[in-house]
Amino acid sequence: MAEPVRVRRLTDQEGQKLQQIVRRGSTSSVRYRRAMMLLASAGGNRVPVIAQLVQADEDTVRVVIHRFNEIGLACLDPRWAGGRPRLLSDDDEDFVVQTATTRPTKLGQPFTRWSIRKLAAYLRKVHGRVIRIGREALRCLLARRGVTFQRTKTWKESPDPDRDAKLDRIEEVLERFPDRVFAFDEFGPLGIRPMGGSCWAPVGRPERHPATYHRTHGVRYFHGCYSIGDDTLWGVNRRKKGTANTLAALRSIRAARPDGAPIYVILDNLSAHKSETIRRWARKNRVELCFTPTYASWANPIEAHFGPLRQFTVANSNHHNHTVQTRALHAYLRWRNKNVRHPDVLAAQRKERARLRSEKGIRWGGRPALIA
């Protein structure tokens, strides 16, 4: 049997970039949906689940994943081209792009970055090859090849000495025990204020929200739990993060599989997730905590599902208080768990419930209760 289609292991920079796109949503719909596909696949979600998550065809998801495995993050921007034939050969264009993305000091030039004029002049007199190209044509070539003038940024490489071992364990449990793997993470802070977003509106008349000057409601943190096998997301808002709230979430996860068999929970390295109280409870209740590496929370499967949660409940909202905000979150979760399902997931869920009733005599409605 052919192996399931899945993205290769992400680098720290790729994982953080995809996570940033999904969390912020401030990009084109094409980049957002493709980033969500890749992040969901990296988190262990199968192609049918990803297709339902982004409302796309399964073949489209497979194409994007294969393309990422070939060219990396460049697959986020599909290239549609036309017009007259190019005047430079592919080899010449590759040389131009390579030169533009090389620091000038490494090529013996006395400056830290290229300008279009300096780059065009350098290409005309480079030793062993002469490329005559105008400034505008050079600018268009670089834009077509995905090279733009950007501000320099920094990123964090994971310093975790057990990075590969942790990622290997996460991949192993996702592959071997998908029906017994859960993910947990906090989402927030969630404040009470008008939130920018997007919606359909007449041209030139966007929906507007009133500004606020005094914010006295404080913040909340959504403690989310995600079942890989059931494709079910649930959770509750809390005033703060902490060991007690994390333990309550883990207990709700354990209640989702009441048969006493081992379960696996993927979560990040927040100190509130690693206290001795939680570790002692996990050992007693046969719960294995699979921690993501430092600065690699993108490996948590729940991250891809937080993107739609933010876009459809927080963005473009103006909740009056945290009670209203919490009701909106729960209403969306009920809709999501009812509608965004793959038929195979529903069949597996019914089979699991039937097995529990027959073997253990346990009555279980199939949906974990919201944390109190």
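A residue is called buried here when its relative accessible area is under 20%, and the legends that follow describe a predicted model.

**Close-up 1. Asn237, a buried residue of strand β3.** In this predicted model, Asn237 lies in strand β3, which spans residues 232-238. Its relative accessible area is 12%, and Asn237 is therefore buried, the limit being under 20%. The side chain of Asn237 is joined to that of Thr326 by a polar contact of 3.0 Å.

**Close-up 2. The packing of helix α5 with helix α6.** Two packed helices are described by the angle between their axes and the distance between the axes. For helix α5 (residues 90-100) and helix α6 (residues 116-125), the angle is about 130° and the axes are 11 Å apart. With that angle, α5 is oblique to α6, and α5 passes α6 in a right-handed crossing. On the α5 side the contact is made by Phe95, Val96, Thr99 and Ala100, which meet Leu119, Tyr122 and Leu123 in α6.

**Close-up 3. The packing of helix α2 with helix α4.** Helix α2, made up of residues 29-42, packs with helix α4, made up of residues 58-71, at an angle of about 80°, and their axes are 10 Å apart. Because of this angle, α2 counts as roughly perpendicular to α4. The residues that α2 brings to the contact are Arg34, Met37, Leu38 and Ser41, and in α4 they meet Thr60, Val61, Val64, Ile65 and Phe68. Of the residues in the contact of α2 with α4, six are nonpolar, two are polar and one is charged.

**Close-up 4. Gln52 of helix α3 and Asn339.** Gln52 is placed in helix α3, which runs over residues 47-54. With a relative accessibility of 25%, Gln52 counts as partly exposed, since that class lies between the limits of 20% and 50%. Although Gln52 and Asn339 are 287 residues apart in sequence, their C-alpha atoms are 9.1 Å apart in space.

Notes: Residues are numbered from 1 along each chain as its sequence is written. This is a predicted model: local features need pLDDT of at least 70, side-chain atom pairs count only at pLDDT 80 or more; totals for chains, interfaces and linings use all residues. Side-chain values use heavy atoms; hydrogens and water are left out. Helices (H or I, at least four residues) and strands (E, at least two) are DSSP runs, numbered from the N terminus. Buried means under 20% relative accessible area, exposed over 50%, partly exposed in between (1.4 Å probe, protein chains only). A polar contact is a pair of N or O atoms within 3.5 Å; within protein, one must be able to donate a hydrogen and the other to accept it, and residues adjacent in sequence count only if both atoms are side-chain atoms. Axes are lines fitted to C-alpha atoms, for helices over the stretch in contact, and angles run from 0 to 180 degrees between N-to-C directions. Angles under 35 degrees count as roughly parallel, over 145 as roughly antiparallel, 65 to 115 as roughly perpendicular and the rest as oblique. A crossing is left-handed if the near helix is turned anticlockwise from the far one by less than a right angle, and right-handed if clockwise. Contact means heavy atoms within 4.5 Å. Ala, Val, Leu, Ile, Met, Phe, Trp, Tyr, Cys and Pro count as nonpolar, Asp, Glu, Lys and Arg as charged, and the others, Gly among them, as polar.
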